Amino acid sequence: DNDNDNDNDNDIENFVQIINATCDEIDTNDLQQTFNLLIGEPFYYQMQSNILLTALCFWYRRTCAQLQGLINQNTIIIPCSAMIRAIAVQLEEPLLSSYGPVSQVDQFKHSAFEQFQQGWHDHDFTYPLWMYKMQPITQPFNLIEFDFTQMIDLNQKQIECCVNVPFTKNAQLNAIVTWVDFNLDQQSKLTNAPPFISNLINCYSRQSLRFIWPRVDITNYEQTKLKITTILNLQLANLKTKYE
């Protein structure tokens, strides 16, 4: 009997109240207090088709929760921040020949397809990069940080960050790899970096790849830098990155 009493005392329902509802469905009048813990799922986020926007979506949801009175400034937020990071790479086969103008294949012209695909090099494509070979030609660099402990300032139109990155060797610039590092708290971090940086193979994780076209030959790397401008439109929840 005493063992059963102890089991009941340790029941999770005595410590955690589970509300089976979305933020929009919760009636704040029914809550005795605001939530003291808000948890995201960064391990799941890194498996999504657009990991950058998935991380940004958590920031908006966290802001929405505070605007609805569900959390406050004392609520613990996990993860507490996210850093969008990137690195320039030279691709190897098969990725190297998988992008660029199609022109014609087996005597069939693809002009209609080419017209439909205009602007493809301005978009990010999601790949499980542990499956492909590539060479880093810069050091990893930061693009923009999301501070989840703070609300998004909805009165601010956009956040713009610019960085100039030196190359580390002469090579051909084929693509930019981007990923997200999540800081769970001040001591713990979950990285989604590709294996040639993290030395870890996560078969479930994905990274974003921005192909560079036309391809750029770096012949004097010590005098050459890559300029990256990242613009986060807070009104449209739109994240754009330009490379020069």
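Colleague: Which residues lie nearest the centre of the largest pocket?

Modeller: Keep in mind that this is a predicted model. Nearest the centre of the largest pocket are Gln17, Ile19, Phe35, Leu37 and Leu38, out of 28 lining residues.

Colleague: What volume does the largest pocket have?

Modeller: About 860 Å³.

Colleague: And which elements give two or more residues to its lining?

Modeller: Those are β1 (37–39) and α3. The most comes from α3, with four residues.

Colleague: How does the lining of the largest pocket divide into nonpolar, polar and charged?

Modeller: You get 17 nonpolar residues, seven polar and four charged.

Colleague: OK, the second largest pocket. What's the volume there?

Modeller: About 630 Å³. The lining has 28 residues, and Asp122, Arg210, Thr241, Lys242 and Tyr243 lie nearest the centre. Two or more lining residues come from each of α3, β12, β13 and β14.

Colleague: How many charged residues are in that lining?

Modeller: Seven charged, along with seven polar and 14 nonpolar.

Colleague: Switching to packing. How many residues has the largest nonpolar core?

Modeller: It has 39 residues, and those with the most contacts inside it are Phe146, Phe148, Leu173, Ile176, Leu226 and Leu232. At least two core residues each come from α3 (51–67), β3 (81–91), β8 (141–147), β10 (171–183), β12 (207–218), β13 (225–233) and β14 (238–243). The largest share, seven residues, is from α3.

Colleague: What does isoleucine 176 touch?

Modeller: Leaving out residues up to four places away in sequence, Ile176 touches Ala86, Ile87, Ala88, Ser208, Leu209, Arg210, Ile212, Leu226 and Tyr243. There's also a second, separate core of 15 residues, which includes Ile87, Leu95, Tyr127 and Trp179.

Colleague: Tell me about that tryptophan. Where does Trp179 lie?

Modeller: In strand β10.

Colleague: Why does tryptophan 179 count as buried?

Modeller: Because its relative accessible area is 0%, and the cut-off for buried is under 20%. As a general point, nonpolar side chains in soluble globular proteins tend to be buried together.

Colleague: Which side chain does tryptophan 179 join in a polar contact?

Modeller: That of aspartate 181, at 3.2 Å.

Colleague: And what separates the C-alpha atoms of tryptophan 179 and proline 194?

Modeller: The separation is 7.9 Å, with the two residues 15 apart along the chain.

Note on methods
Residues are numbered from 1 along each chain as its sequence is written. This is a predicted model: local features need pLDDT of at least 70, side-chain atom pairs count only at pLDDT 80 or more; totals for chains, interfaces and linings use all residues. Side-chain values use heavy atoms; hydrogens and water are left out. A nonpolar core is a set of buried Ala, Val, Leu, Ile, Met, Phe, Trp, Tyr and Cys residues joined through side-chain atoms within 4.5 Å. Buried means under 20% relative accessible area, exposed over 50%, partly exposed in between (1.4 Å probe, protein chains only). Contact means heavy atoms within 4.5 Å. On a 1 Å grid over the protein atoms alone, a cavity is a set of points where a 1.4 Å probe fits but cannot get out, and a pocket is an open set with protein on both sides within 12 Å along at least five of seven lines; lining residues have an atom within 4 Å of a point. Grid points are joined across faces, edges and corners, and a volume is the space filled by probe spheres set on the points. Ala, Val, Leu, Ile, Met, Phe, Trp, Tyr, Cys and Pro count as nonpolar, Asp, Glu, Lys and Arg as charged, and the others, Gly among them, as polar. A polar contact is a pair of N or O atoms within 3.5 Å; within protein, one must be able to donate a hydrogen and the other to accept it, and residues adjacent in sequence count only if both atoms are side-chain atoms.
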